[in-house]
Amino acid sequence: MSYSEPGVYRYKIYEKSLNNNNDYITDKKVYLVEITVKENGASLVPEAVYYKTPETVTSSTLDADLHQYFTSEYKLTSVPVFDNNTQKGKVTVIKTDQSDQLVQGVQFTIYKTTGENEALGDVYTSDTTKEKGEVIFDNIPIFKEGYQSSTPEYQWYCLVESAPKDGYSISAEKHYFKLPTKGSYEIKFEYVNGVVIMPDASGIGTRGFIVMGACILAFGAMLLMGYFFTGYKAKRRIK
């Protein structure tokens, strides 16, 4: 900036909002700067003092409401800094059985992978479903660890059911994903698999299966004996 005459000039400094699909989060901080321009011989010399406003101040706050912050209470001892953190992902898992009942106590694990359908790598995190049959994994990094801001690489993950609830079968489904997916940093997965079916003790029960099995064995023995009897008689006729 250049100035044509001495004076005190005040400005508001803020970051322009990024678009909704950007992998970086807009820093909402608002700074103020007061520039005092003084004559120094034939030159004009500017001198800047910066101020940090409270979080209640936004980029749309009217200039008339900002004068109260040009005080020592809000004065900075260094230049303003804007931080652009990356977006974080969120994965929600819903677990139900074949009767559409929510199931708690099922463990799910997210692994890191090198790509879709690739071998599972290190465990990223693990947790179990709660009362509503739901488990939420949040703050999931979207980029690979140690990425460079100029050439970031997205991290691939794989979600699996790692331990079923007692009495339930385990799901073999594997869900590979990276974030964002279809422009969203939040994904929901639904797992459905059933209770392990055991013989009903109130019906024929285990005893019924045992009796049935014994009958089958007895019938088989009779057939075998019949074969021997028939073979014996046939041999007698030949003689």
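These legends walk through a few close-up views of the structure above.

This is a predicted model, where local features need pLDDT of at least 70, side-chain atom pairs count only at pLDDT 80 or more, and totals for chains, interfaces and linings use all residues. Residues are numbered from 1 along each chain as its sequence is written, and side-chain values use heavy atoms, leaving out hydrogens and water.

**View 1. Lys12 meets Asp63 in a salt bridge.** A salt bridge here is a side-chain nitrogen of Lys or Arg within 4 Å of a carboxyl oxygen of Asp or Glu. In this pair the closest N and O atoms are 3.8 Å apart. The two residues come from distant parts of the chain, 51 residues apart: Lys12 is in strand E1 (residues 7-14), while Asp63 is in the loop between strand E3 (43-52) and strand E4 (88-96). Strands (E, at least two residues) are DSSP runs, numbered from the N terminus. Lys12 is partly exposed at 23% relative accessible area, whereas Asp63, at 52%, counts as exposed. For these words, buried means under 20% relative accessible area, exposed means over 50%, and partly exposed is in between (1.4 Å probe, protein chains only).

**View 2. Glu145 and Lys112 form another salt bridge.** Their N to O distance is 3.8 Å. Glu145 sits in the loop between strand E7 (134-141) and strand E8 (156-163), and Lys112 belongs to strand E5 (residues 107-113), so this pair ties together parts that are 33 residues apart in sequence. Glu145 is exposed, with 74% relative accessibility; Lys112 is partly exposed, with 25%.

**View 3. Lys144 reaches Glu153 through a salt bridge.** Here the N to O distance is 3.5 Å. Both ends are partly exposed: Lys144 has a relative accessible area of 28%, and Glu153 comes in at 48%. Elsewhere, salt bridges with shared partners join Asp27, Lys29 and Asp83 into one network. A search of the whole structure turns up 8 salt bridges.

**View 4. Three strands make an open sheet in the order E7-E4-E10.** Two strands pair if DSSP finds at least two bridges between them, and the pairing in this sheet is mixed. E7 and strand E10 (186-192) are the edges, each with a single partner strand, so one side of each has no neighbour in the sheet. From one strand to the next, the twist averages 20° (axes are lines fitted to C-alpha atoms, and angles run from 0 to 180 degrees between N-to-C directions).

**View 5. E4 and E7 run antiparallel, paired over 6 bridges.** Look for Thr92, which stands opposite Ile136 in E7.

Conventions: Helices (H or I, at least four residues) and strands (E, at least two) are DSSP runs, numbered from the N terminus.
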